Amino acid sequence: MYIPKADGRERPLGIAALEDKIVQGAMTEVLNAIYEADFLGFSYGFRPGRSPHDALDALATGLTRGKMNWVLDADIRGFFDAISHEWMRKFLQHRIGDRRVLRLIDKWLQAGILEQGQWKPTEQGAPQGATLSPLLANIYLHYVFDLWIAQWRRLHATGEMIVVRFADDFLVGFQEKEDAERLLSHLRERLVQFALELHPEKTRLIEFGRFAAKKRARRGLGQPDTFDFLGFTHKCGVSREGGFNLLRHSASKRMGRKLKAIRVALRKRRHQPIPVQGRWLAQVFRGYANYHGVPTNYGAVNTFRGQLIKSWYRSLRRRSQKRRLDWPKMNRLIRRWLPSARICHPWPQQRFDAKHSR
């Protein structure tokens, strides 16, 4: 099975049988208990008790409180499809001594795929969609990236440095540009050793931080570039007091894809009664607002709500040619079913301090 990716390509999904899902779920619980003691603090993806907002909070806190001037926005090209089975076995053997467990994981990695009735072997990669795959990916990057960059920061960095990783997407903040350039060169060499490479179009080094706008203005340059991470576009802004403020807005491309999917779903639901549609749309909007409702992002959440209303209005008007729906009636439906836009999350530094009291 394939699902579309944001860049137009298709991503293969490995859908396991029910029995495999049950066993993989149990195996994940066992391995989580082992590896949670080893995983480093800046790794947030697919770990129990950690969410994307924890990663966003850590990033925001590091950028606003640290002396960060440069950000490396990096992405590993086709990571799940490029995982080396040979290296994966070595990493697992480093921590797991039970050969039965190793043999079972190896069978899952080499299960192959069934496409149009034809079985194809898998010589590399982890099946996306499998219960165990996110944990295996974290184990792989723990040895390839996390331990290595923690040592690099300790031995080679000349200034402050922060790291935040969520699955195969990671951001590194630097005080010194020289550190950023050296790490990027060393990182490329490091990944090649383990059958991985940085995506050339999605990996870039940008000037970003508390003093980036002022430094660029003194050099006659424009505003600092922005970067996307976990569905938010991060920008350098100014607070009411005139200091630095990290602005986080919903990524426009992701919002556009979500609204397009909603319009498609509304066409399929056009025959449903209005209360059924209203309850469904309220659920969709609450889910969006619960994730995107962060400080400085109220405008984007309200824009999403407005586009949702327009899509619903057009859909209802096309239900019948006999009786046209006007806006006074539509506004009554909106007040009845759609909640107002609101901020659902505290400021990232407040939540980060509450979770990390030290």
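View A. Gln-93 and His-94 are exposed on one side of helix α4, where exposed means over 50% relative accessible area, buried under 20%, and partly exposed in between, for a 1.4 Å probe and protein chains only. Helices (DSSP runs of H or I, at least four residues) and strands (runs of E, at least two) are numbered from the N terminus. Helix α4 spans residues 85-95, and its buried residues are His-85, Met-88, Phe-91 and Leu-92. These four lie on the same side of α4, because they cover an arc of only 120° around the axis; the arc is that of the directions from the helix axis to the C-beta atoms. An α-helix has 3.6 residues a turn, so residues three or four places apart point the same way. The cover over the buried residues of α4 includes α1 (18-35), α5 (99-109) and α6 (133-155), with contact meaning heavy atoms within 4.5 Å.

The model is predicted, so that local features need pLDDT of at least 70 and side-chain atom pairs count only at pLDDT 80 or more, while totals for chains, interfaces and linings use all residues. Residues are numbered from 1 along each chain as its sequence is written, and side-chain values use heavy atoms, with hydrogens and water left out.

**View B. Arg-95 and its contacts.** Arg-95 belongs to helix α4. This residue is partly exposed because its relative accessible area is 36%. Neighbours within four places in sequence aside, Arg-95 is in contact with Ile-34, Tyr-35, Asp-38 and Tyr-143. Ile-34 is 61 residues away from Arg-95 along the chain, yet their C-alpha atoms are separated by 8.3 Å.

**View C. The pair of helices α9 and α10.** Two packed helices are described by the angle between their axes and the distance between the axes. Helix α9 consists of residues 252-268 and helix α10 of residues 274-292; their axes come within 12 Å and cross at roughly 165°. Axes are lines fitted to C-alpha atoms, for helices over the stretch in contact, and angles run from 0 to 180 degrees between N-to-C directions. The two helices are therefore roughly antiparallel to each other, a description for angles over 145 degrees, whereas those under 35 count as roughly parallel, 65 to 115 as roughly perpendicular and the rest as oblique. The crossing of α9 and α10 is right-handed: the near helix is turned clockwise from the far one by less than a right angle, and a left-handed crossing would be anticlockwise. From α9, the residues Met-255, Lys-258, Ile-262, Ala-265 and Leu-266 meet Gln-277, Trp-280, Leu-281, Val-284 and Tyr-288 of α10. By class, this contact has eight nonpolar, one polar and one charged residues. Ala, Val, Leu, Ile, Met, Phe, Trp, Tyr, Cys and Pro count as nonpolar, Asp, Glu, Lys and Arg as charged, and the others, Gly among them, as polar.

**View D. The pair of helices α10 and α11.** Helix α11 (residues 298-317) packs with α10 at an angle of about 160°, and the axes are 11 Å apart. That angle makes α10 roughly antiparallel to α11. The crossing of α10 and α11 is right-handed. On the α10 side, the contact is made by Ile-274, Gln-277, Gly-278, Leu-281, Phe-285, Tyr-288, Ala-289 and His-292. On the α11 side, Val-301, Phe-304, Arg-305, Leu-308, Trp-312 and Leu-316 take part. The residues of this contact divide into 10 nonpolar, three polar and one charged.

View E. In helix α12 (residues 327-337), Met-330, Leu-333, Ile-334 and Trp-337 are buried. These residues are on the same side of α12, because they cover an arc of only 100° around the axis. They pack against α10 and α11. The face turned away from the buried side carries the exposed residues Arg-335 and Arg-336.

**View F. The loop between α7 and β8.** Ala-195 lies in the loop between α7 (177-192) and β8 (204-207). Its phi is near 65°, a positive value in a residue other than glycine. Ala-195 is partly exposed, with a relative accessible area of 45%. His-199 also has its place in the loop between α7 and β8, but His-199 is buried, with a relative accessible area of 9%. Residues up to four places away in sequence not counted, His-199 touches Asp-75, Ile-76 and Arg-77.
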